Amino acid sequence: MSADADTRSVTEARPGTAQAGPAVARRSAFGDRLRRDWPLLVMATPMLVLVTGFWWIPALGNVIAFQDYNPFTGGILGSPIIGFTNFAQLFGDPQFIRAVVNTLGITAFQLVFYFPVPIALALLLNSVVSGRLRALVQGIVYLPHFFSWVLVVAIFQQMFGGAGLIAQILRDHGHSGIDWMTNSDTFILLVTAETVWKDAGWGTIVFLAALSTIDPNLYEAAAVDGARRWRRMWHITLPGLRPVIVLLLILRLGDALNVGFEQFMLQRSAVGSKVSEVFDTFVYWSGLRTGDLGYGAAAGLFKGLVGLVLILAANRVAHALGERGVYSRS
Amino acid sequence: MSRKKVSGLAPWEEPGSLAGRVGKGGALALIVLAVLLPLYTIVLTSLSSAETVNRVGGLVLVPDGITLDAYRQIFSDSVVSRAVLVSTGVTVVGTAVSLAVSVLGAYALSRPGSLFHRPILFCVLLMFVFFPGLIPTYLMVASLGLKDTYWSLILPSAVSAFNIVVLRAFFMNIPHELLDSARIDGAGEFRILWRIVLPLSKAVTAVIGLFYAVGYWNAWFNATLFIDDTRKWPLALILRQYVVDSNPLPTATVGVSGFGHVAPPTLAIKMAIVAIAVLPALLIYPFVQRHFTKGVIIGAIKG
């Protein structure tokens, strides 16, 4: 029975076929299935326990967004329900508005100045003729992805900070050093530079994979027709990357409210909250730091719901464009 | 990834112009330098003596003499060495828990048509589209009494939907005839997973294990949320307090005055802490790196 199930991994999306085997009975009773599949259920149990404990229960715990939550007198069950008061207060909070504006601003900025970098880097790497050299460079550029944000910020501080290497070199040559780490005017450049340093190399993986699937015959045919390097890139390489680019672009839009949490928490004190307050840091400070948990939860829930809508919408757009989308099957 | 052209030009390919090749080489050199130069100066500064650091007035680019003073001082002080121990423990235990839970769960999910397959899959996929939020998660951890325990650094982030989906996609690609024949020979699901599926999935399991391990080693925010007791701080928190924020280390609470009496080359010590934080990633990385493409791409394409 289960063997039949395996052969159908291709057609799994079709409901109703789950129990149809070629020569065996059409449907087996619940008891039979339980007898057959109980080891699988046992295997899934630890995962389900963790998902329940740290996803479902917290997800339901969002009711405190609608409460005047007080952990000492009532907890979740005893705190009074106040409806949408928290949300109403939220939309009138200039700090919250600023967090939204900053988040969207940073997303937009990074869409222009970060998003194309891995594509360009992948094209550059792909054009390296020597396989050895390419593998070496790839290995090096993936590396920073595995460093923590604390580490990346520490490294940037040592390079660009007031006491850092660049300032040190400038001072040695008689210029006054600039402290980029505490300059709120250039903060958006700084966080984008950090993101590029940390993740641009890692981001090339998916583009390099897409490039490796392009049929070399296409290049040969184009070359025979007289297309030189740039023409071939324009008419073969880039169209070959199109599906991946579109998919990642849509994903990024669906993820617009997530600009990264730790990166901003870490640098908030250095540049001030005016430019560094984003959605997630707002939730942290308004909820946990000031102790107004219901209010913070309202901000978090708002973000979660908007994020959900964005992701579903982005996926729908992907389908409409004939791309595979993200959650279509699996 | 497989490519036919390992080196040299394809017959139809003309070599690039000289300027193009020089530009390309220069760009590659710059990129590599941008990654490696910070690491180089950090390691070098951590290995320099206090005099050298003072004379240079900052990070050291050209060494004159190597000393392990900074490291000796760090490891004679219980704050940092404790933090290294905590981070190592959390990383090892956490990775083991996460891998076990994910492999078992992913295998269960790799069998369409099994009982409750769809609802379980639904549970996992929901994690992709909605994050319950920081505050309810915090309250959950607090109400379970996990605050100030190492489990608070492990359990909330133990399951990653992405990693499970990647593993599952890989498991589903294993030819089912193989599993059938084992079943005919009387092997149960656990034995099939252990003896057939896992040995065939070494590469992807290693990559997923690395992802989890890196996550635990780097985790900083969970620790700020849940750990108030400075003796239970992981290395990432020390890094934040001491290196990023330049706050003094909480030596008093631990009762050891490692940084107290000798005037320490603070920058060298800072950089030594950074170097220690980087080290595990650098050590494991070469062994797992060649599997990246395979692991990640399967997730991206089959996900």
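What share of the 330 residues in chain A is made up of buried residues? I looked this up first. Buried residues make up 49% of them, where buried means under 20% relative accessible area with a 1.4 Å probe, protein chains only.

**Ground rules.** I am working on a predicted model, where local features need pLDDT of at least 70, side-chain atom pairs count only at pLDDT 80 or more, and totals for chains, interfaces and linings use all residues. Residues are numbered from 1 along each chain as its sequence is written, chains are lettered from A and ligands numbered from 1 in the order written, and side-chain values use heavy atoms, with hydrogens and water left out.

**Chain A overall.** I find 16 helices and 0 strands; these are DSSP runs numbered from the N terminus, helices being H or I of at least four residues and strands E of at least two. I also checked contacts, meaning heavy atoms within 4.5 Å. Of those in chain A with a separation of 6 or more, 60% come from residues 24 or more positions apart.

**Aromatic pairs.** I searched the whole structure and got 30 aromatic pairs over all chains. Rings of Phe, Tyr and Trp (its six-membered ring) pair if their centres lie within 6.5 Å; planes under 30 degrees apart are stacked, over 60 edge-to-face, the rest tilted. I picked A:Phe96 and A:Phe279: their centres are 5.7 Å apart and their planes at 85°, so the pair is edge-to-face. A:Phe96 lies in helix 5 (residues 94–113) of chain A and A:Phe279 in helix 15 (residues 279–289), so the pair ties together parts 183 residues apart in sequence. Both A:Phe96 and A:Phe279 are buried.

**Helix 5 of chain B.** I counted 13 residues in this helix (residues 117–129). Its buried residues include B:His117, B:Leu121 and B:Val129. What do the buried residues of this helix pack against? I find helix 2 (30–60) and helix 16 (293–320) of chain A, together with helix 4 (78–109) and helix 8 (161–172) of chain B.

**B:Asn218.** I located B:Asn218 in helix 11 (residues 202–218) of chain B. Is B:Asn218 buried or exposed? B:Asn218 is buried, with a relative accessible area of 12%. Its side chain reaches the backbone oxygen of A:Phe146 at 3.1 Å. Leaving out residues up to four places away in sequence, B:Asn218 touches A:Phe146, A:Phe147, A:Ser148 and B:Ala236.

How values were computed
Buried < 20%, exposed > 50% of the residue type's maximum accessible area, 1.4 Å probe, protein only. Expected span 1.5 Å × (residues − 1). Polar contact = N/O pair within 3.5 Å; in protein donor to acceptor, adjacent residues only side chain to side chain.
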